[in-house]
Amino acid sequence: MNLIFPTVLLAVLVFVAQRVWRQHALQRRLDAIRTHPFPQSVRLKFRDVRPNLDSAQEHQVFEGLRDYFILCAQARGRFVSMPSQVADDAWHAFILHTRYYQDFCNKAFGRFLHHTPVEAMSTQTLATEGIRRAWRLACALENINPKQPERLPRLFALDGELKIENGFRYDTRCTPGSGNYCASHIGCSSGCGGGSESGSADSGCGGGGCGGD
């Protein structure tokens, strides 16, 4: 009987210590993402795909990609869909610089973050969960009410603001017949596009994703 209290206390202390360590590790990874400089060589490769964007618009895209990496780190290995085609293009350009990308991944995620194209993804359910998670985390990042958004998070607004051809467009007003995805209803439709090693299904509301090991 006398051993119960110290045993419980030890278990609580271990739990708290693990939680503090995980939070510290996450903060270190988020700092690595926020301070990461995308090299000029990556930007030049991106311009091959999107030559019509000016320098300010290009900056918006890479900051959107940075936001996405933050969402992936916060998701702790759970699948997060990529809601922007143009940010996905920037991700592709980054991946082509393999050694630099791998070094970034080690610092930001503690592992290599693979990108799985839409054609290779497995289930539509995973896609739907991925876009819901992306929406929820992106809204939290910018202090937006995910159920009654007054504006779109940067990552969800990119393609529409930059008028990206074949981009993914979202609408806070959910206007019938607009052809845009209703932002506050994300996850109620057919899901979204490609992803990382976890996989997802094709539907057309996202262009990539990060997932579990």
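Biologist: Accessible areas here come from the Shrake-Rupley method with a 1.4 Å probe, and for residues only the protein chains shown count as cover. What does the accessible surface of the protein come to?

Modeller: It comes to about 11300 Å², and 53% of that belongs to carbon and sulfur atoms. Keep in mind that this is a predicted model: local features need pLDDT of at least 70, side-chain atom pairs count only at pLDDT 80 or more, and totals for chains, interfaces and linings use all residues. Residues are numbered from 1 along each chain as its sequence is written, and side-chain values use heavy atoms, with hydrogens and water left out.

Biologist: OK. How many helices and strands are there in the protein?

Modeller: Seven helices and four strands. Both are DSSP runs numbered from the N terminus: helices are H or I with at least four residues, strands are E with at least two. Along the sequence the pattern goes α-α-α-β-α-α-α-α-β-β-β.

Biologist: And what share of the residues is buried?

Modeller: 47% of the 213 residues. Buried means under 20% relative accessible area, exposed means over 50%, and partly exposed is in between, using a 1.4 Å probe and protein chains only.

Biologist: What about contacts along the chain?

Modeller: A contact means heavy atoms within 4.5 Å. Of the contacts with a separation of 6 or more, 67% are between residues 24 or more positions apart.

Biologist: Let's zoom in on H7. Which residues are buried there?

Modeller: H7 covers residues 154-161, and Leu155, Phe156, Ala157, Leu158 and Asp159 are buried in it. Just after H7, Lys163 has a positive phi of about 55°.

Biologist: Switching topic: how many salt bridges does a search of the whole structure find?

Modeller: Eight. A salt bridge is a side-chain nitrogen of Lys or Arg within 4 Å of a carboxyl oxygen of Asp or Glu. One of them pairs Lys45 with Asp48, where the closest N and O atoms are 4.0 Å apart.

Biologist: Where do Lys45 and Asp48 lie?

Modeller: Both are in helix H2, residues 40-49, three residues apart, about one turn of the helix. Lys45 is partly exposed at 34% relative accessible area, while Asp48 is exposed at 58%.

Biologist: Which side chain meets Glu58 in a salt bridge?

Modeller: That's Arg47, at 2.6 Å, N to O. The pair links distant parts of the chain, with Glu58 in helix H3 (residues 55-74) and Arg47 in helix H2, eleven residues apart. Glu58 is buried at 4% relative accessibility, whereas Arg47 is partly exposed at 32%.

Biologist: And Glu63 with Arg66, what's the story there?

Modeller: Their side chains form a salt bridge too, at 3.2 Å, N to O. Because they sit three residues apart in helix H3, about one helical turn separates them. Glu63 counts as buried at 15% relative accessibility, and so does Arg66 at 10%.

Biologist: Last one: which residues gather in the patch of positive charge on the surface?

Modeller: Arg28, Arg29, Arg76, Arg78 and Arg136. Patches are made of residues with over 30% relative accessible area and no salt bridge, where like charges are joined within 9 Å and nonpolar side chains (Val, Leu, Ile, Met, Phe, Trp, Tyr) within 5 Å. Lys and Arg count as positive, Asp and Glu as negative, and His and the chain ends are not counted. A charge is placed at NZ of Lys, CZ of Arg, CG of Asp or CD of Glu.

Biologist: Where is Arg78 found?

Modeller: In the loop between H3 and strand E1 (80-82). Arg78 is partly exposed, with a relative accessible area of 43%.
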